[in-house]
Structure formats: structure tokens, C-alpha cells
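Let's take a walk through a protein model together, one stop at a time. Keep the sequence and the 3D view side by side as you read.

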Amino acid sequence: MAKRSSLYIRIVEGKNLPAKDITGSSDPYCIVKVDNEPIIRTATVWKTLCPFWGEEYQVHLPPTFHTVAFYVMDEDALSRDDVIGKVCLTRDTIASHPKGFSGWAHLTEVDPDEEVQGEIHLRLEVRPGARACRLRCSVLEARDLAPKDRNGASDPFVRVRYKGRTQETSIVKKSCYPRWNETFEFELQEGAMEALCVEAWDWDLVSRNDFLGKVVIDVQRLRVAQQEEGWFRLQPDQSKSRRHDEGNLGSLQLEVRLRDETVLPSSYYQPLVHLLCHEVKLGMQGPGQLIPLIEETTSTECRQDVATNLLKLFLGQGLAKDFLDLLFQLELSRTSETNTLFRSNSLASKSMESFLKVAGMQYLHGVLGPIINKVFEEKKYVELDPSKVEVKDVGCSGLHRPQTEAEVLEQSAQTLRAHLGALLSALSRSVRACPAVVRATFRQLFRRVRERFPGAQHENVPFIAVTSFLCLRFFSPAIMSPKLFHLRERHADARTSRTLLLLAKAVQNVGNMDTPASRAKEAWMEPLQPTVRQGVAQLKDFITKLVDIEEKDELDLQRTLSLQAPPVKEGPLFIHRTKGKGPLMSSSFKKLYFSLTTEALSFAKTPSSKKSALIKLANIRAAEKVEEKSFGSSHVMQVIYTDDAGRPQTAYLQCKCVNELNQWLSALRKVSINNTGLLGSYHPGVFRGDKWSCCHQKEKTSQGCDKTRSRVTLQEWNDPLDHDLEAQLIYRHLLGVEAMLWERHRELSGGAEAGTVPTSPGKVPEDSLARLLRVLQDLCEAHSSSPAGSPPSEPNCLLELQT
């Protein structure tokens, strides 16, 4: 049994931000921190005070986190980035909203006394004395303190205050993981109500000391307990009155949703999984109607989540194609007009969208990646709408002349024809690169639509059914928003965005088979018609080859792919290398191309070079961040592993940004989560000379000074499937619509009392539903008897996290 938490975050937009640049504008981006740990950085939106990001993330993390903070920054090329303001949401605030927090929040000023992090290890005792009891406070160590100095560290000391008396520890230089092991005593008077205050400070020689956080101890409670030891979270100093600056720094629109699940062992979910799989295997021929019933009882707002959970569950069972085929048939059975086929946000459409992202994202990158990169690199001005054309100067220096509107339109049409032609050619060549399960699913879709709409007048309908998903719901959104599909790291500027939008429109016209209706919408797209008509022929030929896959070919392709360990993540990184020994030792980072699979972390000089295994997956013990001061960079990670002889080793790898760092850490943690011998602690610094740079311990093999964060990961499209979690999420949804299921059960069973599940099969149509209700009751009882307590009774309700 495991308790798992995940945080859905959508950073929508900002408005009325203050100008930080001399141009009267700003270049804003967002940094998201969970308990002061940076996990997300949005793209920078240039030269605006009302930026739009529209970026979505899902973070898996331990249920013990406290706060999520959103910092709006202004990027500067030549100086340190400016802090505009922040929005801070506590765990309790998010959990208090039944469907998550959604709306505008005012940015507040960043107060240094509130920017605290880390924990302090204390031992507290009440001991008998000659005249009165003595209060003994032992300050042992601290970890993950905020770096306040320019060198990326702090010079911490601790100040202990009780009843007007203050005592201080020694100062530990250049460390965010100090060790003191110092003890202080105070006389404890009978009936005294004053609290013990333990404050951490960063010592500065010239300027005033910086506040690092404090812990307030209830002495009366300590009297009863007599003794207490543990790690205490440092709290901000909230004694000062806050400045009322809300509204002056602008606002941020956010959507934040917290989900906390207690996942039972696999055996508890087997009846539910077997029942759903049995329904899918029977398809339209079986008596059960659970899948249609689930679709009927699913609201629009949660249909995408339910579709994704069902799709992942059946994908793990090898039934994704059968599940989607059943949904295709259900949708076709209630569709009479071909122009409305798969155009609504039905369970079939949402499930197919999720399927393409999970199973086809790598394929999309291979086809679209080079074209998108070329559009970004060229940065040409492209416009086809005469009402939006901007005339500009052209020619050599001294011989400028205004470019005519006709010239702009012709050059734009040439550029778009070139991009569209390149994309269609790449697509035509990609049949063999398309995953076998995707091809087989499109084959089923093509056949079902052709059976439902036969005849020459419906010749294009099966093709349009395929393109409605492949082009309109997969390729076109990726072209318009390449960052959201991980095709680019940054959002496109206004000029590039317009080019991408026009290219996406052209792809949609091709996907619609160049129907008169699509041409009539925007007549100014006419210059692209020759390429569009040629593209329709290319696309139909591509789809014909794509769906021409038999069961034997499908199995052969799957077997071939299963022999090759697919990359979980790959890309360029810089690996740390040391040369020489003693005082002549030097270190540097060398750029190599890394590839992480389910077998090993490998590297090569170039993407096409032969790869050499660096670390076997089973040997990984931890993947964590490295302190900024260790290498002068905040984007370095360490992979701790054992070599073939069992000796501990560490590889230091540098990334180019915080997002890439967290993506690599997340990927490494996911593939090694079930390894034996995972570490619970580690050193965030490096062993240099004769000591660790983080905690100054002298032994290289000494226990780590910080806890590992193996459960903090970002959700990605290629995540390993978690069958138990998907089953739990489906159970939670069904539990939320249980009343509707009982209502349908009463209708089928002729008015049976709610809450009573018949033990005999009864009528055939109600048999599956009766078994489903019995399974839900059993799972509910299992949750009620688990230590975590019973699950919620609403589908979108948020569980309150327990400390």
C-alpha cells in the first residue's frame, strides 16, 4: 500500500505587470518552487506586461510537501534577472478547494525574511535541577538552508532565545548543511508560558546578518513529554507587518489541483481490471454495456482524465486497440451525418487523443521536428491575409524601396508551400516509423468507418476519419504550440507564431481533403491550393499504406521493437572529467550525447555514433541535484551508482537549464524506482581535497547530509505505465458516480432497492453492472480498513493531506 500525491499545475497568463526594462516593458517568465525547490521554468515571453504562457505540468511528490510558490521574473541578458513578485499557495489552501484552485491571484513582494527553507535537527530535554528544572537544547545540524551569499552558500549560526536570555552557536563557514553539536541550558521556572525560539542566521562581516528561518517550541508541551528529538522545518519570520502592495505588481492566472491517492496492492484491483477487460474483449457482441455506461455517467469536465486513465489501463493490458475499436463502434452507431463524425469531445475522441500522445509522441517528433526547427531558424515574415500584411523596406543599403503587398503575399506563399511540401514528404516516408499499435488502431478505425458509410459518395470519409485524429488533433496542435509538445524549449515569437498558425491551417485543409467548406472559410489561402490538392493525394496514399498492416505484420513489428530498448530520454549533456592529481588536478565538463533506456545510461560523441554504456540501470542508487557552489552552476546533477565490483561511484552531469535538469532527474528516478539499495541520504556537494564541500565531513564514505528525493518526478508522455494507480483512479471516478450506477441498476432490475446487489446473475444486461457494483463495494471496504482511511465519495474531491 502506498500513498501517492500529484500536483496538476497550469500557468495561464499574467496581467498588469510592472515595467522592469528601460523600454517600458518586461520579459517575464515563471519559476515554480515546491518547498523552495525549483522544479519548473516557463518560457520567456518577450516585451510584454500581459504575458500568456498556457503551460501545463503534473508533478508527483511526497504527501508531506508544504507550499507551492510561483515567482514571476524579468529576464535580463546582461545582468541578474529581476524578481517581479510571487504567489504562494500552501498545501492546505489548495486542498480546501474541492476542484482545485483556479483563478487570478495578486502578486506580492518577495520578502527576504519569508524566503526560508530547510530543516534543523534539535534535541530538547527537560532535566531536574537543584533549584528548578533545566531546559536543555542541543543544536545538532541543519540541512538545505537557503544560500544567501554570492558564493552559493551561507555562513550559518544558530541563536537560541528563552525568557530574555540569548545564546549562540559557532559560525560554520560556506555551508548550507552545517553541523554544530552544541548544547545550551536555560533555567525553567514553574508555570512559565514563554516559548523557546531557535533562529538560524547567515553571518555577514560587513552587512547585516541574513535571516534563515526559525522554530518556536512550546515549552509546556515539552514539560509533559520531557524529551523530544527530530528534524524541525524552519519557518519564516511573520512578526513584521506586511506591506500592502497587492495589485501594484500585477496578477497571475493559475490552475492548481492536488490529488492524493492511497494505492492498494495489485490483488485488490484485479476484479475491477478483469471485469473491464472482459467487457472490452466481448466488444459490441457481448451483453455488457459498462463502457457505454461509463461514458454516459462521465461529465464533460473530467472526460479527458477518465479517457486517459482507461486508455493507460488497457494499454498496460495489451487491449488499447480493442478498447478504442469498441469506442469507434459506439460512436459510429449513433452518428448519421458524416460531417459530425468524431468532431465532438466524446470518450472516443478524448481517448484517441491520449493514445496518440502516449504511443505516438516519438513518431511525431521524428516527422515534425526538422520542419518546426527550420521555421524557427528562418524567422521569415509570412502573411497571406491581405488585411494583415505589413509592407517593409527591401534592397541593399542606400537603395531601399518599399516592398509591395503582392510581393509579400507571393514570398509568403512560396515559404508556406515549401514548408507544407516538406512536411507532407516527411509524412509519406514515415509509414515504417509509425508504431505498430498506432497503425493497427488506424486500420480498425478505417475499416469501421468504411463499413458504416459504404458507397462511392462516401469514398473520402474513412480517410477524413483518420486525419481528424492524425492531422486535426495531433499534428496541427503540435505545429501551433511546439513547446507544449516538447518540440521546442521556448515559445515562438509573434512572427514565427503566425507562420506556424498558417502552416497548421494548411495541414487542416489537407486533412479535410480540400473540401469546398474548408476552402470557403478563408479565401485568402487560395495561393496554397495547388500544394494542398497535391497534398491530399499524398495523404491518401500515405493513409492507404499506413492502414495496410495485417495481424502478422503487427506482431512482427512489435517483436522487433521489443528487442530494442526504446530511449526513455536522450539529448546532449556535459559530463564532468578530472585530470591529474594533487595540486595539479583540473576539472572540466565535456559535451556528449546521452541516452537513457530501461537497461542503461549510455553516451556517444554524436547522436549517430556508437554508444558506450556508462551506468547499468540496476546499479543506480540515487539521482539528485548538486549545490551551485560545487561547480559554479545550478544545473548540475549527480548519478550515484555502483560499478561492476560493487564500489560506489558518482557521475556529475551538467544540463543547460532548470527544466532539462528536472526532466533528466525525473527520468532517472522513474526507471530506477524499483532498484534494490536505493539511498535515503546523499551529499549535495563534492568531495574535494579532504572534505565534503556541503557539510565539511572528512570521511568520503560518511553518511549523506541531505535526504534523497526519489519520489519527486515530472509526468511525461513516455512515463512507464502504473497499472495500480490507473486502476485506483478509475475506481475513484466510478465511486463518484456510484449513485447514477445504482439508478441504472434499479432500472434494469425492475426497481431493486439501492445498495443491494443481487447474488444471482438475473437479467443478462444487468449482470456486468451488478458485478461492477459488488467490486466497488469490496474496494471501498478495503480502503476503509486500510491505515490511510476511506477514500472520498466525490470524483473530483481533493483529499486533505495528512502530515
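Our first stop is Cys88, which is partly exposed because its relative accessible area is 39%; buried means under 20% relative accessible area, exposed over 50%, and partly exposed in between, using a 1.4 Å probe and protein chains only. Cys176 is in no disulfide, and the nearest cysteine sulfur, that of Cys694, is 9.8 Å away. A disulfide here is a pair of cysteine sulfur atoms within 2.5 Å. With 3% relative accessibility, Cys176 counts as buried. A search of the whole structure turns up 0 disulfides.

A word on the ground rules: this is a predicted model, where local features need pLDDT of at least 70 and side-chain atom pairs count only at pLDDT 80 or more, while totals for chains, interfaces and linings use all residues. Residues are numbered from 1 along each chain as its sequence is written, and side-chain values use heavy atoms, with hydrogens and water left out.

Now step back to see the whole chain. Its secondary structure comes to 19 helices and 30 strands; these are DSSP runs numbered from the N terminus, with helices (H or I) of at least four residues and strands (E) of at least two. Of the 803 residues, 51% count as buried. Take the contacts (heavy atoms within 4.5 Å) between residues at least 6 apart in sequence: 68% of them join residues at least 24 apart.

In one, 5 strands form an open sheet in the order 7-16-1-4-30, with antiparallel pairing; two strands pair if DSSP finds at least two bridges between them. Strand 7 (101–106) and strand 30 (713–714) are at the edges and have a single partner strand each, so one side of each has no neighbour in the sheet. Further in, strand 1 (residues 2–15) and strand 4 (residues 52–61) run antiparallel, joined by 8 bridges. You can find Leu7 opposite Val59 of strand 4. Helix 17 packs on this sheet, touching strand 1 and strand 16 (251–263), and its direction makes about 105° with that of strand 16. Such angles run from 0 to 180 degrees between N-to-C directions, with axes fitted as lines to C-alpha atoms, for helices over the stretch in contact.

The other open sheet has 4 strands in the order 3-2-5-6, and its pairing is antiparallel too. Its twist averages 25° from one strand to the next. Strand 2 (residues 28–34) pairs with strand 3 over 4 bridges, and Ile31 has Arg41 in strand 3 as its bridge partner. Helix 16 (residues 658–671) lies across strand 2 and strand 3, running at about 110° to strand 3.

Next, visit helix 5 (residues 303–316), whose 14 residues reach 20 Å from first C-alpha to last, close to the 20 Å expected at 1.5 Å a residue. That expected span is 1.5 Å times one less than the number of residues. Is helix 5 mostly covered or mostly open? It is mostly covered, with 10 of its 14 residues buried, among them Val306, Leu310 and Phe314. The cover includes helix 3 (266–282), helix 7 (347–378) and helix 17 (723–736). Just after helix 5, Gly318 takes a positive phi of about 75°.

Finally, where is Lys174 found? Look in the loop between strand 11 (165–168) and strand 12 (179–188); Lys174 has a positive phi of about 50° although it is not a glycine.
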